[in-house]
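Thank you all for coming.

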Amino acid sequence: MSNAPSYEIPVSSTFTAYDCHCEGDVEKVVVSGLPELPKGTAFEKMKFFRKHHDDIRLFFLREPRGSMIQSVNFIVPTENPEAVAAYIIAEAEEYPEMSGGNTISVATTMLKTGMVPITGPVTRFKLEAPAGLIGIECDTADGKVGAVRFINQPAFAYCLNKTIQLPGFGDLTVDVGYGGMTYAIVNARQFGFDLVASEGRRLSDLGQEIKAAAAAQIPVSHPLNTELPGITQTMFVTPIERSDRGVESKNAVIVSPGRVDRCPCGTGTSARLAVMHAKGEIAEGERFTHKSLIDSIFTGEILATTTVGPYSAIIPAVSGRTWITAKCSYILEKDDPYPAGYAITDTWPQMTPEHVSVAGTAHA
């Protein structure tokens, strides 16, 4: 062994994080190294973080440390006595008020690392998301952490069967639902999609165009929080099928700036349940199996009905699994020229008015 003194790396920031995937979606959970935030709700902490510490989101999600397909969660203290912790969710272009897959990853990480103790065959606790309190029920039989079921904030349909004009396509019928984020929901078959992995690029490009058209033509505002954005997601869906296992369908959610959610999407599943319930396609307590583009599965159900402002709403519960892939100590060297990373359009799509992907698709 060498007797030479070890080199000490000059570091300006250090974070401890767990890399995970929730049913295939690539996510990070940061558990230490974060700045102290002012007291307040998770929504207020999220806004402060977005205004004053967005460089940390960029550090994790942009190259050379991250990528466009990832999201990151920051676990922070909560002042809510019902919750064990709060968390801030960040994606490539926004800070969602809620994310089902990321919630499952946060809960799983906290259980698997001992931040939350296992209390029996089913471990129950609450987390505070920017959208509000989220109930957690985790299968912890025999001390092993399995599927996480989260009880979401109310989901509802803003409108059904709304016609918009999509450049290069014409009239397009969309449903708009809220499940923690707001979705334009469209039938994938009218564009000739089967929702398989090889369609990912075309789905992403078209989904961005539908999202822009729907957001411009269907302005919506959450009745309880006008600071929440309107339509920021497109969900392509296949028609529902019924069997003795309940109701089934497949989906592909397009996350900005243009990539497919690898998991079946928890807020998307919640919004889909609300829209299906408004259409009379699913009943309270009925099992819903939602598949992703890679055939991973979330199961959902409607626990109860309620109202949100003028809208009839549901209380959805969604279940899925997360696996930890790495425990990481991320460091920022003092002379790193890219502390907030960079984005190149070869993998970070940049939509332009001239970019039209509808050509080449087919009406069903």
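Which residue forms a salt bridge with Asp25? Before I answer, let me say that what you see is a predicted model, and that 16 salt bridges are found in it. The partner of Asp25 is Arg259, and the closest N and O atoms of the two are 3.1 Å apart. This pair links distant parts of the chain, since Asp25 belongs to strand E2, residues 25-32, while Arg259 belongs to strand E14, residues 259-260, and the two are 234 residues apart. Both partners are buried: Arg259 has a relative accessible area of 4%, and Asp25 has a relative accessibility of 3%.

Let me now turn to Arg149. The side chain of Arg149 meets that of Glu137 in a salt bridge, at 2.9 Å from N to O, and here too distant parts of the chain are linked, with Glu137 in strand E6, residues 132-139, and Arg149 in strand E7, residues 148-151, 12 residues apart. Arg149 also forms a salt bridge with Glu301, where the closest N and O atoms are 2.6 Å apart. Because Arg149 lies in strand E7 and Glu301 in strand E16, residues 297-308, this pair ties together parts that are 152 residues apart in sequence.

Conventions
Residues are numbered from 1 along each chain as its sequence is written. This is a predicted model: local features need pLDDT of at least 70, side-chain atom pairs count only at pLDDT 80 or more; totals for chains, interfaces and linings use all residues. Side-chain values use heavy atoms; hydrogens and water are left out. A salt bridge is a side-chain nitrogen of Lys or Arg within 4 Å of a carboxyl oxygen of Asp or Glu. Helices (H or I, at least four residues) and strands (E, at least two) are DSSP runs, numbered from the N terminus. Buried means under 20% relative accessible area, exposed over 50%, partly exposed in between (1.4 Å probe, protein chains only).
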